[in-house]
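Colleague: Hi! Could you walk me through this one in plain words?
Modeller: Happy to, here it comes.
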Amino acid sequence: MSFKNPQRTINREFDAFIKGGNALTNQIATTTAEIRKGVAAQKKLNQEIQEKDDVLMQSLYSKVNEFGDSGNAMMDQNILSFWNSKVDEYFKIKNAMQDGIIGRQEGNQALAKINGLVPQFKQQVAYLASESKMFNEDSNSDNVSSVGSTQNKVMLQRMHEGGDVQIVEKDGQLYYFSPEQKDEEGNIISEAAMLNGNEILANNAAEKKLYERKVNLSSPLTAVFNKAIEPDSLDGKFVDYIKVKKGDINPMTGLPYPGLEEGQVYTFKTITQEKKPEAIEELSKSQGITSLMSNDSSMRRVWQDEIPDEEIQRIATEKGYDISLYEDPWHEFAGDMSPEEIEKVTAEQDDIMRTYLSEKAYNDNANMDNTLKFVKKEVYNPKEENEDGTPYYMETVENVYDFFKNPVDNRNLIINNVVNGKTVDDVVVNKDGTVTLVHKDYSLDEGTGGEVVDKVTNIATYDPKDPASSTKLAQQIQKSIGGNNKDNNQAIMSMNKLYPAYAQQQKLEEQKAKEMAEGKGGFGNFPDGDSYEKWKVKNGLDKLTDIEKQFLMQDKKLMFYLRPDVQAKEGYKKSYLNDAEYKALMAILEQRNATQELK
């Protein structure tokens, strides 16, 4: 098998062409027919060349359709005009090459530059259209950072608004230029701005924007807060859990908790104001804040966009730093600053930033700071003890007693409870000393659109001096809190004895406190022996059990004054004996009340 050499084949064909009478030089037509034939061939060839040039020209003109829509009609028109001038320039160069005015190498280089503008335009126009649209959206939502090139932002704004954006080509590179803008009087209202096409291509390749967006600290600071403070952990050292029920007073507002159901105990969590500084210090030391601050690009934007100048001044003042720090960029310094000055300002900026981020993390996320956040609710058990170790039903007894002591100042202990099927909205103290609970019906005033009292209903009236009347209110409040169930009904019934006993005990303790304050104490509070004997009968202390009698016999002071030889001495007074007996009887009475509470 043999192989043919293509070049040898072409050579043989060329030799045959020459031997057939074809000279190597141009032949000169000698006949009229041949002359006409030659002219026709020359015209045809020239027509073909012109048609090819026309097709090429149309093709180049139509390249503008590949550039896409910039979103700015004036800019698109400028691009069209610019490109048409480049197409014209293209054919001038081409013709000059054919005429020998421009050398082929020089001409081809010039043509290549013009052809090279096509892919540049395609990428740049698409990128600019996208950037100007996003810039406008971010501007409208106040999400454009002040950090970065102001010229870039001016150009993007003018592109989106349809401003005058011209195209300039230098050495095969494109530039987008917007002249300075003047008002009718010739005053400059906006400086000229420019975008470098190469920068656009580089940003496009790196998927980088021509402007910076503001930093959104919400999500990262929430994560930092949750990790450092542990607001959902029962073991978190900053969060307190409290239990409340219907009618309880919110210490933050001084009013009853609204919207609570009877028969339920609600658990809420809160961060008290006292723990706030400690929590912020914990955030400041956290790895999360340190990690955020390690991103210089983000912190530069936070420093310049996020932190108000007055906030930097406040923190700087509190820490004894230069309050003009807000005028300096983040971690950028003039060339004439010494290394010591740079180190000092850097450390102060870091400290201010750490403080700001820590305070913001707390303030934005501590939604239970001095407020209550619901955790759960469970069935109310009147016998369950609260944090003080007191059964829930005793809270009702204590609250009703405190209410009757001062109905005006302590009205919030009763308001919001339901008595006789109506919510207590107010309290009225009558001239005779009785207390009336009031319910108000509200309606909207059509004239003002405000809320007005439409009707006032008296729910019930109580006599604070009558134990039975006071006990009744305690039972009604307990029903409002715990509802109608076996355990709560037992607690309600127990108040028939519990409330009078508690009220009596409180009066005795108040009496003792008054006596101590007046320097009296003991039996000295009674004006005479008869009133003392009546007091013993009233409190059942005239009839003691055997155990209570044994208790009295163990009181050495009382036994001393009972001795006949002591009573026979000169200077002995019956009041000495009564005083010693009174103190011993008070101890017995307190023991009785404590036993009654346990029952």
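Modeller: Let's start with a term: a residue is called buried at under 20% relative accessible area, exposed at over 50%, and partly exposed in between, with a 1.4 Å probe and protein chains only. The areas themselves come from the Shrake-Rupley method with a 1.4 Å probe, and for residues only the protein chains shown count as cover. The model is predicted, so local features need pLDDT of at least 70 and side-chain atom pairs count only at pLDDT 80 or more, while totals for chains, interfaces and linings use all residues. Residues are numbered from 1 along each chain as its sequence is written, and side-chain values use heavy atoms, leaving out hydrogens and water.

Colleague: Good. Is Phe403 buried or exposed?
Modeller: Phe403 is buried, because its relative accessible area is 0%. Phe404 has 9%, so Phe404 is buried as well.

Colleague: And how are the rings of Phe403 and Phe404 arranged?
Modeller: First, how rings are described: a pair of aromatic rings is given by the distance of the centres and the angle of the planes. Rings of Phe, Tyr and Trp (its six-membered ring) pair if their centres lie within 6.5 Å; planes under 30 degrees apart are stacked, over 60 edge-to-face, and the rest tilted. By this rule there are 11 aromatic pairs. In one of them, the rings of Tyr401 and Tyr502 are edge-to-face, because their planes stand at 90°, with the centres 5.7 Å apart. Phe403 and Phe404 make a tilted pair, with 5.2 Å from centre to centre and 55° between the planes.

Colleague: Where do Tyr401 and Tyr502 sit?
Modeller: Tyr401 is in helix 13 (residues 392-405) and Tyr502 in helix 15 (residues 486-517), so the pair links distant parts of the chain, 101 residues apart. Helices here are DSSP runs of H or I with at least four residues, strands are runs of E with at least two, and both are numbered from the N terminus. Tyr401 and Tyr502 are both buried.

Colleague: Which residues form an aromatic cluster?
Modeller: Phe560, Tyr561, Tyr572 and Tyr576 form one.

Colleague: Switching topic: how many salt bridges does the structure hold?
Modeller: It holds 21 salt bridges. The rule is a side-chain nitrogen of Lys or Arg within 4 Å of a carboxyl oxygen of Asp or Glu. Take Arg301 with Glu212, where the closest N and O atoms are 3.7 Å apart. This pair links distant parts of the chain: Arg301 is in helix 10 (residues 296-306), Glu212 is in the loop between helix 6 (197-205) and helix 7 (218-229), and they are 89 residues apart.

Colleague: Are Arg301 and Glu212 buried or partly exposed?
Modeller: One of each. Arg301 has 13% relative accessibility, so Arg301 counts as buried, while Glu212 is partly exposed at 30%.

Colleague: What does Asp426 pair with?
Modeller: Asp426 forms a salt bridge with Arg411, with the closest N and O atoms 2.7 Å apart. Asp426 is in strand 13 (residues 426-429) and Arg411 in the loop between helix 13 and strand 11 (418-419), so the bridge ties together parts that are 15 residues apart in sequence. Asp426 also bridges to Lys440, at 3.6 Å between the closest N and O atoms. Lys440 lies in strand 14 (residues 435-444), 14 residues apart from Asp426. Arg411 is partly exposed at 23%, and Lys440 is partly exposed at 22%.

Colleague: Which residues do shared partners join into one network?
Modeller: Glu311, Arg314, Glu318 and Glu359 are joined that way by salt bridges.

Colleague: What about the backbone, what is phi of Asn416?
Modeller: Asn416 has a phi near 85°, a positive value in a residue other than glycine. Asn416 lies in the loop between helix 13 and strand 11, and with 21% relative accessible area Asn416 is partly exposed. Asn420 is not a glycine, yet has a positive phi of about 55°. You'll find Asn420 in the loop between strand 11 and strand 12 (422-423), and at 53% relative accessibility Asn420 counts as exposed.

Colleague: Last one: how far apart are the C-alpha atoms of Asn226 and Tyr362?
Modeller: They are separated by 9.8 Å, with the two residues 136 apart along the chain. Asn226 is in helix 7 and is partly exposed at 37%.
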